[in-house]
Amino acid sequence: MKKKILYIEDNEQNLYLVTFILEKHGYQVFAAMDGQQGIDSAATVNPDLILLDIQLPLMDGYAVARQLRTNPDLADIPIVAVTSYAMAGDREKAIAAGCNGYIEKPINPDTFMQQVEQHLPCREE
Amino acid sequence: MNSLIVNIQKKYFQNIAVACYSALFALLTFSCFAETRPANADARTVSVGVYQNAPKVFTDEFGKPSGIFIEIIEHIAKIEGWNLRYVSGTWAEGLDRLVKGEIDLMPDVAYTSDREKTYSFHKIPVMSVWSQVYAPRGSGIQSILDLNGKRIAAMENTIQLETFTRLTNSFGLKITLIPVPDYKTEFEMIAAGKADAGLTNRLYGLMHARKSGLEDTPVMFDPAPFFFAAAKNASGQLPEIIDRHLSELKKDPKSAYYAAMKRWTSEDVQFKIPAWLQISGIVLGIALFISLVGGGVLKHQVNARTRELKLINQEMEQRIDERTLTLKETNLKLHAALEDLAVAKERAEAADQIKSAFLATMSHELRTPLNSIIGFTGILIQQLGGPINEEQSKQLGMVRNSANHLLSLISDILDLSKIEAGQLSLISEPFELKKSILRVVQSVRPLAEKKGLDLTLEVADDIGTACVDERRMEQVLLNLLSNAVKFTEQGGIRVSCVCEEKNYLICVTDTGIGIKDVDLERLFMPFHQIDTGLSRKYEGTGLGLSICKKLVELMGGKVGVKSEYGKGSTFWFTVRGDIGDEHEYFQESPMHQYGKQKNQSDPGSQ
C-alpha cells in the first residue's frame, strides 16, 4: 500500500511540482489549498506524513501545525514545514508549532526526497 | 594792698596771669658784717643774687642763672655794657648779701615801706604776682577758713608769709607754721605729708604743683609788685637805669621784656597738656583729618563705584533679559528638535520594520518562482517526466546552474543586508566540531573529485566541542572550501583543524591560482571579486568572503588569508571552543537567539 502524504500548499506550481515528485517516487499525495481544508483532510485521510507550507491564506502554517497537534489521533503524524520563509527564527518557530522538520524553498530536486523520507518512520520499499 | 580772693574760678586766675602786688613785708634786719664790697655805680661789674624761685629766678639744669628777672637784667646789662656776676644762695642769704653790699642787685623783691628803708627800689615794677595756697590733690580746701588747724609750710622773711599771718589772725584761725628755706623744700614736705598746705607764688605753683602731686586751692591773696632791690647806699643809680629800661621795654610789645614774660609765663606757666595727651591729640587730629579726607575720597570713590555698579547692573539685567530670551528661543528650538527627533525615530523604526518586512517579502517572492525553475529543471534532468536527449540535458543543466547562482546571489544579499541591519541572529550551542567539519568536507568532495582534486582532512585528536552558531560556522567553511575548489585547477585542497588555547583554528589550503599581495587587503570587502581576467570563468557574487568575515567576527573569531600568487592560498578562521565560557560569549554577542537554516549549509544547494 502506498504511503499517504498530505501536502497543504496554496501555490499551484509548487503543489504540482511536489506532487509530481512524490507520485513519481510512489507516494499517494493528498492536496489541500488552505489550512482548514488541510486539517479536515488530515482527519479523514490520516496520512503518513504532512508537508506544510507556512505562508497560507486565512490561517498560517504555524496555526495549522498547532491545531493538528491538538488532535490526539493525529499527534503522531510527522509534519515537515516547506517554506520560503528564510528569516531568523523561522525554523525554530516551525519546530515550536509542532513541526518535525523544515525544508527551505526552493526545494532541491536532487535531495528533496531524502529530506522528506528521513521523517517517515520506516520505508516499505 | 592786702586782698583776699576766695572761690574764684581757676581759669580766671590763669588768664589774669601775673599782675598784682603785695605790700607787707616783715623785714628781718640783719647786722651787717664781714667784708664790704661797695657797689660802684661806674663799675663795669654788677653782682646779682640768684635764688631758686622759678620761673622768676632760678638756676637751670646746666647751672646757668635763668628766669624772667635774669633775662631782663641781662638785656639791660648788654645795652649798658655791664659785666654781670651771679651769686647763688637762698632768698635769705641773698637779702643779707645785699644789705652787706656783697651784691648790687637782688631780684624778685616785693616792695614794702619797711624794705624801702633798707634797699633801694626802682619805680616801675617788673611784674606782679599773686600768692596762693597749694595743697595735696583732693584736700578739700575751699576757703581760708578750711585752713584752720592745718600745718602750713612757708618761706620765711617773705611779704607773702607776713600777709598770710595777718589774714589768718584776722579770721581767728589757728595755723601751725612750718618754715622752709625754699619752695622746692616746701612742696616736697607737703607731698610727703609733713605739711597740710603751703604758700607760694602763683607762677611757681603753676609750674611745679602738678609734678609734686599738688593742686592750687581757691585761697589766693596779696597780689604784689616785684622789683630788683639795690643796696641802699650803693652809687651808680642802678634803680634809675633799670626804670629807664623797663619804661622803654614796656612800651614795645616786641621787646625782650615781653619776650621773657611770654616765654616764662605764657608758655611754661600755661596749663600743660600732658605729652601723651598731646600726642594722642595730634594722632587723633591726624586720624580725624585722614578719616575726613579719606572719607571724602572714599565717598567719591563709592559714588563712582556705585554709578559703575548701577551701569553694570543695568547691563547685566539687559544681558540676562537677552540671554533669557535666547534661552527661551533655544528651548523652543530644542523642543522642536526633540519632536523632530522623535518623529525621525518613529520613521526610522517604521523604516526598519518596513525593511525587515521587505527582506522577508523579497526572500519569499524571489524564492517562489525560483522554486519552480529549480524544481522543474531538476525533475526534467532527473528524467522523472520522461527521457531527454543529451543536448536537452546540457541546456537544462545550464538553466539549473544559473538558477542556483541566482539563488545564492539572493541569499548572499539577504545575508549581508541582515548582518548590516543587525538583524542576523546567531544561536550558539556546543556541538562537535569534527563532525561538522566532516559534513562540510563531504558535501564538497563530489565537486573536488569532479575536478580531479585531492581533498584531505587533518583534524587533531584534541578537537572537542565548539560553541558558536553551528550552521553559520558550516556556512563559512563551505564558502572557503567552495572557493578553494573553484580556484584550483590541479593539485589538492587540505582542510586542517588544530586547537589553539581556547579556540580552534581551521585552515583551508589550496594549490590554486593564489592572490596578489595588492589584492589581499580588499579581499574581504563586499562586492569585490578580484579581477583575475578570468572573472567570467569563476562565478560568484563577490559577497562570500565579506559575509564570512562578518559571520566569523560576530561569532567572536578571526579570519585571514596567506597567499602566494600562482601557487596557492591558505584561508583560516578561528572558532571559539566550548571551554565553559558560553555565558561570557553570550554577553559579547548581541545575536544569540535563534539561528536558521541556510542554503549554503545545505550540501545539496551548491
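Across which strands of chain A does helix α2 (residues 35-45) lie? Helix α2 of chain A lies across β1 (4-8), β2 and β3 of chain A, and runs at about 170° to β1(A). Such angles run from 0 to 180 degrees between N-to-C directions, with axes fitted to C-alpha atoms, for helices over the stretch in contact; contact means heavy atoms within 4.5 Å. Helices (H or I, at least four residues) and strands (E, at least two) are DSSP runs numbered from the N terminus.

A word on the ground rules: this is a predicted model, in which local features need pLDDT of at least 70 and side-chain atom pairs count only at pLDDT 80 or more, while totals for chains, interfaces and linings use all residues. Residues are numbered from 1 along each chain as its sequence is written, chains are lettered from A in the order in which they are written, and side-chain values use heavy atoms, with hydrogens and water left out.

Let us stay with chain A. Its open sheet of five strands has the order β2-β1-β3-β4-β5, with parallel pairing; two strands pair if DSSP finds at least two bridges between them. The edges are β2 (28-32) and β5 (101-104) of chain A, each with a single partner strand, so one side of each has no neighbour in the sheet. On average, neighbouring strands of this sheet are turned by 20° against each other, direction ignored. Within the sheet, β3 (residues 49-53) and β4 (residues 79-83) of chain A pair over four bridges, and I50(A) stands opposite I79(A) in β4(A).

Now to chain B, which has 16 helices and 19 strands. Of its 606 residues, 43% are buried, meaning under 20% relative accessible area (1.4 Å probe, protein chains only).

The whole structure holds 15 aromatic pairs over all chains, where rings of Phe, Tyr and Trp (its six-membered ring) pair if their centres lie within 6.5 Å, and planes over 60 degrees apart count as edge-to-face. The rings of F121(B) and F227(B) have centres 5.8 Å apart and planes at 80°, so this pair is edge-to-face. F121(B) lies in strand β7 and F227(B) in strand β12 of chain B, so the pair ties together parts 106 residues apart in sequence. F121(B) is buried at 6% relative accessible area, and F227(B) is buried at 4%. Ring pairs also link Y111(B) and Y119(B) with F121(B) and F227(B) into a cluster.

Technical notes: Buried means under 20% relative accessible area, exposed over 50%, partly exposed in between (1.4 Å probe, protein chains only). Rings of Phe, Tyr and Trp (its six-membered ring) pair if their centres lie within 6.5 Å; planes under 30 degrees apart count as stacked, over 60 as edge-to-face and the rest as tilted.
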